[in-house]
Amino acid sequence: MIGAFFGAGGRWFLETAESAGQFALMVRSAAFWFLRSRVEWRQVLIQMLRIGVESTPVVTMTTLFTGMVLALQTGASSNALLNEPFFVGTVVGFSMVMELGPVMSALVVSGRAGAAIAAELGTMKVTDQIDALYTLGTDPVRYLVIPRVLAFVVTLPILKIMADFTGIFGGWVVAYFKLGIPTNTYWHDIFDYMEVDNFMHGFLKSFVFAFAISFICCFKGLTTSGGAEGVGKSTTAAVVVSMTAVLILDYFATAVLVALGIT
Amino acid sequence: MIDAVGVRKSFRHRPVLRGIDIIVEEGETLAIIGGSGCGKSTFLKCVIGLLRPDEGSITVDGMDITKLATEAEIAQYRRRFGYLFQEAALFDSLPVWENVTFGLKYLTDTPRSRFRSIAGDKLALVGLKDIEDLRPSELSGGMKKRVALARAIAAEPSYILYDEPTTGLDPIMSDVINDLIIDLQKKLKVTSIVVTHDMRSAYKIASRMAMLHEGKVLQVAHPEVIKISTNAHVRQFVDGLSEGPIKMKIKEYEPPEDEEEQGRADETARRR
Ligand SMILES: Nc1ncnc2c1ncn2[C@@H]1O[C@H](COP(=O)(O)OP(=O)(O)OP(=O)(O)O)[C@@H](O)[C@H]1O
Ligand SMILES: [Mg+2]
């Protein structure tokens with residue numbers, strides 16, 4: 001019983017270590033092909049459009065309501081404490097730009113575009129299409145992974161900026177119509193305090209997330225085995241792992257940026 | 001020339017290839033026959049380097065695939081091959097004509113402006129027309145197979161590995177494909193390995209045939225010799241008989257002795 005437990009634990013550890021190694025090899029191979037071969041720009045463009053079209057509505061909806069909630073809660077706390085809703089714009093603005101914009105957009109994109117990538121590459125894997133790429137003179141990392149990573153790296157920061165704006169807009173809706181804060185005040189509350197570094201803090205994080213999500217989802221797709229069931233499993237795993245990775249990396253990226261003074 | 005020596009391959013400690021020795025001479029068509037699941041596709045994948053043998057060597061034009069280490073070297077080795085997948089493996093996201101010309105981008109210097117007309121020519125060779133703009137999901141099984149064949153030969157490779165080229169085709173179309181394989185061998189001096197279950201096709205196209213059984217080569221000989229082979233295994237296979245030394249028969253149905261025993265058997269199965 002105990003032996004079985006440790007046996008399973010050991011196997012899990014070995015399997016995890018092995019996939020970590022394979023993951024590192026894939027990233028290395030991506031660097032190799034990126035430097036050595038022409039990038040398939042047509043594929044990059046197709047992927048960018050797909051990510052943008054698939055994720056924009058969800059990113060907009062989720063961040064709009066997040067901004068509204070932030071404004072409502074800040075207003076309520078401030079009202080309870082000071083009888084007046086102070087600094088609503090400041091709280092909404094900073095929260096969105098530095099933290100919630102990049103993280104929420106990354107989570108949504110993991111669930112939307114990341115899952116789609118894992119499912120697509122997984123299906124290609126179990127139907128021999130990945131092997132077919134090899135026999136036709138190219139390589140899945142070059143033809144599939146690099147365009148997807150590049151598309152993520154360009155698209156996610158753009159979605160992040162969009163998320164900032166919709167969040168701040170959502171905050172304004174609540175601040176203006178519900179809390180009675182004049183537009184001018186709300187706006188000044190944000191931009192009197194916001195600096196370029198505050199923006200960069202969140203912006204740089206979304207690049208980290210873009211790399212993490214795209215590599216993880218491509219990896220999960222390319223290592224699929226076991227038919228249709230395997231595709232389902234690796235798609236779920238891709239979403240779970242990339243969302244977890246976003247939240248964990250968020251802490252470390254923040255720590256590094258704070259150490260560098262970009263806050 | 002393809003020279004395979006002592007090729008062994010196991011999946012999860014289950015041996016599939018147990019020491020295959022096969023030589024395919026320049027310009028020759030070797031047909032590989034053998035029971036389902038005996039490792040024919042696995043052997044082809046070892047030859048083109050999609051699988052790495054556990055032991056043994058496979059040398060093509062003086063290059064030993066098992067000794068190549070970097071991706072770039074293996075890619076270089078593979079360039080000389082065309083490969084027809086058993087399940088076609090067409091790219092779902094691309095129309096038929098882009099599937100056919102996919103390899104030209106990477107393997108040749110052909111200008112893109114000519115791709116469409118080349119696709120039309122290659123599709124005509126396999127008896128297909130006016131399907132260039134369809135998606136693979138809109139094709140029948142036999143059509144997919146032929147598009148995959150057109151894709152495998154499009155870059156005019158010097159070696160072609162066919163995994164069951166005529167499976168799923170009607171008899172007339174099978175013979176058209178046989179003629180195509182013979183044509184490629186005669187006109188372009190292509191060296192090929194054809195895995196097939198279709199004896200008629202094997203007799204017609206092969207310069208030699210190899211029979212695989214339990215991970216080993218039983219006999220390699222000219223088709224006429226195989227036809228009159230005295231090896232009992234080969235005999236049974238080419239005659240297509242269920243009785244013989246090769247035990248492929250499904251276990252005969254035996255009704256369970258009593259209810260209780262059946263219940264116990266179920267439980268053990270579940271526990272596994
Ligand atoms: N990727 C794999 N993982 C595990 N086992 C495999 C794998 N590929 C093949 N096998 C096993 O190897 C054996 C040989 O498979 P292979 O596909 O080479 O057979 P085949 O001779 O081509 O059969 P068929 O005529 O039915 O196509 C089978 O028993 C199969 O279960
Ligand atoms: Mg096979």
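Helix H5 of chain A covers residues 140-177, and its 38 residues should span 56 Å at 1.5 Å a residue; the end C-alpha atoms are 52 Å apart, which agrees. The expected span is 1.5 Å times one less than the number of residues, and helices are DSSP runs of H or I with at least four residues, strands being runs of E with at least two, numbered from the N terminus. This is a predicted model, in which local features need pLDDT of at least 70 and side-chain atom pairs pLDDT 80 or more, while totals for chains, interfaces and linings use all residues. Residues are numbered from 1 along each chain as written, chains are lettered from A and ligands numbered from 1 in the order written, and side-chain values use heavy atoms, without hydrogens and water.

Of the 38 residues of H5(A), 28 are buried (under 20% relative accessible area, 1.4 Å probe, protein chains only).

Ligand 1 is surrounded by 13 residues, each with a heavy atom within 4 Å. H1(B) gives the most to this shell, with three residues. An oxygen atom of ligand 1 lies 2.7 Å from a polar side-chain atom of Gln86(B), and a polar side-chain atom of His197(B) lies 2.9 Å from an oxygen atom of ligand 1.

Note on methods. Polar contact = N/O pair within 3.5 Å; in protein donor to acceptor, adjacent residues only side chain to side chain. Buried < 20%, exposed > 50% of the residue type's maximum accessible area, 1.4 Å probe, protein only.
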